[in-house]
Every structure is written in C-alpha cells, then in structure tokens.
Amino acid sequence: MTTRQWWKEAVVYQIYPRSFNDSNGDGVGDIQGIIEKLDYLKELGVDVVWLSPVYTSPNDDNGYDISDYRNIMDEFGSMEDWGKMLAEMHKREIKLIMDLVVNHSSDEHEWFVESRKSKDNPYRDYYIWKPGKDGAEPNNWEATFGGSAWEYDKQTDEYFLHLFSKKQPDLNWENPKLRQEVYDMMKFWLDKGIDGFRMDVINFISKVEGLPDGEKVEGKKYVSGHQYFMNGPRIHEFLQEMNMEVLSKYDVMTVGEMPGVSPEEGRLYTSEDRKELNMVFQFEHMDLDTQPGMNKWHLKPLDLRDLKRSLGKWQSELEDGGWNSLYWNNHDQPRIVSRWGDDMEYRVTSAKMLATCLHMMKGTPYIYQGEELGMTNIKFDSIEEYKDIETLNMYKERVDDHGENPEDIMQSIYTKGRDNARTPVQWNDTVNAGFTSGTPWIRVNENYRKINAEQALADQDSIFHYYRKLIRLRKQHEIIVYGSFDMLYENHTEIFAYTRTLGDEKLLVVTNFSGNNHHFDTKDTFDLSNAELLISNYEVGETTRNSFELKPWEARVYKI
Ligand code: NOJ
C-alpha cells in the first residue's frame with residue numbers, strides 16, 4: 001500500500017544557478033537573480049526547488065567540486081542572500097532542497113589541502129590514498145571525465161582516487177570521522193530550514209575493499225571500475241546511518257542520484273521500512289540511445305519499445321514500496337524536445353506530449369529550467385565555445401590524442417553534450433535573452449527571440465501554460481499521484497499509452513512519439529463513452545469514442 005507523503009504529491013523544479021538569471025551583470029547567474037524569478041516559479045505552480053550547488057567552489061565542474069560546504073560561492077552572492085532566498089521561497093510556499101555532493105570534494109577543500117601534506121596528517125584518511133603498483137596507478141579504473149581515476153601526488157609519493165576530475169578527490173566513507181563531518185554539515189543546512197537534499201552520485205560512496213582492477217578491454221589502458229563502486233558493499237549501511245543520525249530528525253525530502261542502479265536496488269534504497277532515501281533518480285532510460293556497452297557518446301536511435309520496457313519496469317518494481325523520480329532533463333542531459341521530440345515543426349506539440357507522458361506516470365516529476373519553455377539543444381560551431389569539462393576532455397582525448405575526425409565528435413557533442421542544457425534561460429527577446437546585461441559565461445541560444453518566457457507567459461497555448469495545467473491536475477486528481485500503473489500496447493513502436501487505476505477510477509494516457517498519424521483503439525478493454533478529457537495538446541472535438549485518430553505528437557489524457 002502506498003503511503004501519503006507531501007513529496008509524492010510535489011512537483012520539483014531544478015535550478016542550475018549559473019545559467020538561471022544574472023542580477024548583477026557579471027555574466028553568471030546568481031542568488032538575487034533567483035529571488036527575482038520566484039513569482040515566475042509560483043505562477044508555474046511548482047512545490048519544490050532543487051538548487052544545484054551554490055557552495056564555494058573553484059568551478060572545475062561548475063560547483064560540483066566544493067571547497068567549502070558551509071559557504072556560498074562569491075559569484076552567486078552571500079549567505080545573507082541565500083537566507084533571503086530561502087525566506088522568499090517559503091513565503092511563497094516553495095520548498096528548497098540543496099545539492100549534497102559528498103562522494104568527493106574539491107582538491108581545494110581544506111580537508112584535502114591537509115590530507116595531501118603528509119601520510120600522518122589527521123586528514124589523510126578523509127580521502128582514498130594508495131601507493132602505485134609497478135610504477136603505475138594503483139588500479140586501471142577510468143575517470144568519468146577521462147584518463148586514469150588516480151592522480152599521483154609528489155609530496156607523499158602516493159596516488160589519490162578521483163572518479164570524476166582530478167580536482168574532485170573521492171572522500172573516504174570508510175572513515176567514521178569523515179562520515180560524522182558530513183552529517184554535521186547536513187545538520188548545519190537543515191537547521192537553517194531547508195527542506196531536503198538531492199544527493200549527487202550517492203550510490204558511489206562505498207567502494208569494494210582492495211579496489212580491484214576492472215575487467216581489461218583490448219586496446220584500452222583505463223577501463224570502467226563501476227562494479228567496484230556503484231551500489232558498493234556498505235552503501236545501505238551508510239545511508240541507514242545517515243538516516244538515523246540526521247534525516248530521521250527532520251521532515252525532509254531526499255532524492256538519491258544513482259547511475260547504474262537497477263529497479264530491484266532502487267526498491268531497496270527507497271522502501272519506507274528500510275529508512276534510507278525517499279526516492280531514487282535513476283538513469284536507465286537515459287542510456288537507451290547509447291550503443292550497448294559503450295559510453296554516452298556512442299549514439300544510437302531510441303527504440304520506443306525499449307523506453308516503455310524500461311520505464312514500465314521501474315513503475316511496476318516500485319509499485320508498492322519505494323518511489324520514483326520522473327524526469328527527461330537535468331543539467332547533464334541534452335534537451336528532451338531536441339532528443340526525443342521534434343524541435344522544429346512540432347516543437348510546441350512534441351514538448352507538450354513529452355510532458356504529458358512523464359507527468360502522468362507514478363512518481364515525483366522534475367522540471368529542469370527552460371524545459372517549461374521548450375528550450376532546445378545548442379550547436380556551437382567551434383569547440384572553443386564549449387565550457388563543460390566532460391565535453392572538453394572527451395574532445396581533447398579523441399581528437400587531439402587519438403586523431404579521430406573532429407566533425408564526428410562535434411556531432412556527438414551536439415546530441416549528447418551537457419552544455420545543451422546549460423545555455424542561459426531565455427527570459428525575453430532583448431539582448432542575451434534578458435539573462436544578463438553583461439557577457440554571458442556561455443553563449444545564449446540564438447532562438448531566444450522566438451523561444452522565451454515573456455512570449456510563453458503571454459500565449460495561453462504555450463508549453464509553459466500546458467505545464468501549469470499538468471501541475472494543477474496533479475493537485476486535483478489523486479489518481480495521478482497514487483494510482484497504480486499499467487502499460488498498454490507494449491510492442492507499438494510509436495505510441496506510448498498506459499492506464500492508472502485508483503479504486504474504481506481509471507486514467508487513460510495516450511501519447512504519440514512520432515510525426516505520423518496513428519489509429520488508437522481501446523480494444524473494448526474499457527469504455528470511453530462517459531470519459532472526461534483532462535488534457536490534450538490538440539483541440540479534440542469528439543471525446544467519447546473508443547477509437548480515434550492520433551495526430552503527430554498528440555497526447556490525450558482521459559478520466560474514466
Ligand atoms: C553528477 C552531477 O549531476 C554532475 O553534473 C557532476 O559532474 C557529477 N555528478 C560529479 O559531481
């Protein structure tokens with residue numbers, strides 16, 4: 001039986017502060033800029049903001065490399081600004097969840113500055129240090145941002161582990177003192193009144209003892225070590241300890257970002273009786289347009305049947321125990337309308353269809369900034385204009401070091417690069433889309449003259465108003481939150497349809513993931529004759545027939 005919880009009924013909006021809104025003209029979004037836009041978020045109707053990191057950081061990975069967990073990055077403002085932002089959010093009944101990045105810190109964090117000084121430094125064991133093996137790295141793991149996951153440090157003649165960039169050393173969760181530091185820091189923010197945490201790669205914090213080599217791959221020096229740190233041996237113990245020491249003492253929401261998690265594990269992380277996290281943010285569906293066994297840059301077209309299989313499995317596995325996050329977008333993913341919709345002729349229609357398909361499933365929906373405007377991917381002509389460390393390192397490794405064709409690499413960046421999601425939010429049609437009066441840290445998408453919030457607010461048919469309506473429906477019909485899920489037409493390659501059921505109520509959701517017309521038939525499994533059309537992205541005249549024609553990218557939701 002699904003219990004009632006406020007965070008199941010909520011809709012979350014993610015802010016990536018660097019690109020959200022710049023109030024002081026330095027080209028970088030900031031906290032005052034967020035405050036200026038809270039009425040906009042209120043109008044949209046979201047309940048919770050997930051704020052990507054705003055802590056002090058040298059910005060090797062745009063704030064996901066934290067050098068002081070208890071302070072605000074100068075570029076974003078001060079602690080006073082932050083306090084004002086929280087108060088202004090709460091005044092509008094918007095909750096705030098902060099990003100918790102504790103798999104790693106910055107190498108400029110004072111713990112690491114101390115740790116690297118000597119082998120007997122009290123902070124040495126806050127990080128993962130090892131001597132080299134046969135004059136090379138301690139093992140063959142590859143870092144997410146390329147190269148070895150180990151960096152040699154001359155000072156003590158040892159290597160430290162970094163699963164991301166070499167400026168993001170991994171914290172050693174085996175050390176109880178480190179864990180206590182993290183818990184204290186969490187309490188510091190919770191006592192300021194925040195409403196929860198989004199936990200960055202939290203299923204990476206427990207590593208297999210001995211850090212064994214990953215399976216060798218012909219022709220590759222460094223390989224994936226995933227099986228030795230994703231969902232590692234002590235992960236559940238650590239999360240239960242964190243829950244007992246910290247989370248259980250507050251009424252807050254927690255969401256664990258977890259690459260490489262299976263639905264069965266997702267259930268373990270989020271079953272209420274296990275007292276770990278509220279919901280998991282998983283990636284299985286985000287990998288479906290990647291060639292099997294390859295990294296994200298090796299593209300393949302999405303087969304809709306795979307998407308249905310994957311999302312359907314997550315729906316059923318977490319049906320009664322556990323909870324899903326629902327998302328198409330975040331700051332690491334390309335824009336969904338460019339990815340699985342049509343960002344040209346049917347941009348508005350397909351963006352609405354994608355939103356419908358997602359928001360009617362069971363789980364807590366997330367909207368990533370600009371998604372509600374149907375913002376699209378970016379194509380910069382030159383690699384020089386890209387800012388993301390993952391993209392730049394990949395380009396360098398493959399083009400400069402391995403001599404691959406730059407045009408091919410640019411194509412994969414256009415499709416999968418993280419900067420697609422990081423161009424500034426398009427507020428209006430004035431210079432730089434109203435994001436900044438200065439020079440933006442990353443170039444604005446030229447289509448801002450057409451795609452912007454001012455236009456969207458003024459147009460009752462806009463994607464923005466459609467999202468508003470979806471959010472309102474969730475508040476009006478508890479079946480959207482608590483109903484059980486059943487997939488229809490599993491093998492159809494272009495229609496994604498399902499029902500939700502709660503008591504004797506039923507919801508039918510039919511969406512067309514293509515530019516083709518399709519015939520939809522209820523096959524007499526249920527009767528639409530008295531059904532109410534809750535929402536659609538087309539004018540639907542006739543609403544009572546048990547079969548109908550679906551237009552390109554059409555979406556309909558009926559309540560029976
Ligand atoms: C996941 C975050 O979403 C991503 O942006 C970041 O680069 C890595 N974790 C490392 O913190």
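Ser115 is buried, its relative accessible area being 0%; buried stands for under 20% relative accessible area, exposed for over 50% and partly exposed for values in between, with a 1.4 Å probe and protein chains only. The residue belongs to helix H5, residues 110-115. Helices (H or I, at least four residues) and strands (E, at least two) are DSSP runs, numbered from the N terminus. Beyond its neighbours within four places in sequence, Ser115 is in contact with Asn121, Tyr123, Arg124, Tyr127 and Trp129, where contact means heavy atoms within 4.5 Å.

The model is predicted: local features need pLDDT of at least 70, side-chain atom pairs count only at pLDDT 80 or more, and totals for chains, interfaces and linings use all residues. Residues are numbered from 1 along each chain as its sequence is written, and side-chain values use heavy atoms, with hydrogens and water left out.

**Other residues in helices and strands**

Asn243 sits in helix H7, which covers residues 235-245. With a relative accessible area of 11%, Asn243 is buried. Its contacts, leaving aside neighbours within four places in sequence, are Ser248, Lys275 and Glu276.

Glu532 is part of strand E18, residues 532-536. Its relative accessibility is 47%, so Glu532 counts as partly exposed. Neighbours within four places in sequence aside, Glu532 is in contact with Val557, Tyr558 and Lys559. Ile560 is 28 residues away from Glu532 along the chain, and the C-alpha atoms of the two are separated by 6.6 Å.

**Loop residues**

Two of the residues described here lie in the loop that joins strands E14 and E15. Thr493 is in this loop, between strand E14 (484-488) and strand E15 (495-502), and Tyr489 is found in the loop between E14 and E15 as well. Thr493 has 42% relative accessibility and therefore counts as partly exposed. Not counting residues up to four places away in sequence, Thr493 touches Leu304 and Arg305. Lys308 is 185 residues from Thr493 along the chain, with 9.6 Å between their C-alpha atoms.

Tyr489, at 23% relative accessibility, counts as partly exposed. Its phi is near 50 degrees, a positive value in a residue other than glycine. Most residues other than glycine have a negative phi. Asn432 also has a positive phi, near 55 degrees, and is not a glycine. Asn432 is located in the loop between helix H13 (406-416) and helix H14 (453-458), and at 18% relative accessibility it counts as buried.

**Ligand site**

Which residues come nearest to the ligand? Of the 13 residues around the ligand, these are Asp61, His104, Asp200, His331 and Asp332; a residue is near a molecule if one of its heavy atoms lies within 4 Å of it. The shell divides into 4 nonpolar, 2 polar and 7 charged residues. In this grouping Ala, Val, Leu, Ile, Met, Phe, Trp, Tyr, Cys and Pro are nonpolar, Asp, Glu, Lys and Arg are charged, and the others, Gly among them, are polar.

| Residue | Distance to ligand oxygen |
|---|---|
| Arg198 | 3.1 Å |
| Asp200 | 2.7 Å |
| Arg418 | 3.0 Å |

Taken alone, the ligand exposes 300 Å², and the protein buries 97% of that. Accessible areas come from the Shrake-Rupley method with a 1.4 Å probe; for residues, only the protein chains shown count as cover.

**The chain as a whole**

The protein has 16 helices and 20 strands. Its radius of gyration is 24 Å, close to the 24 Å that the globule rule gives for 560 residues, so the protein is as compact as a globular protein of that length. The radius is taken over C-alpha atoms, and the rule is 2.2 Å times the number of residues to the power 0.38. Along the principal axes, the C-alpha atoms fill a box of roughly 75 × 55 × 50 Å.

Of the 560 residues, 60% count as buried. The accessible surface of the protein comes to about 21,900 Å², and carbon and sulfur atoms hold 46% of it. Among contacts in the protein with a separation of 6 or more, 71% are between residues 24 or more positions apart.

Key. A polar contact is a pair of N or O atoms within 3.5 Å; within protein, one must be able to donate a hydrogen and the other to accept it, and residues adjacent in sequence count only if both atoms are side-chain atoms.
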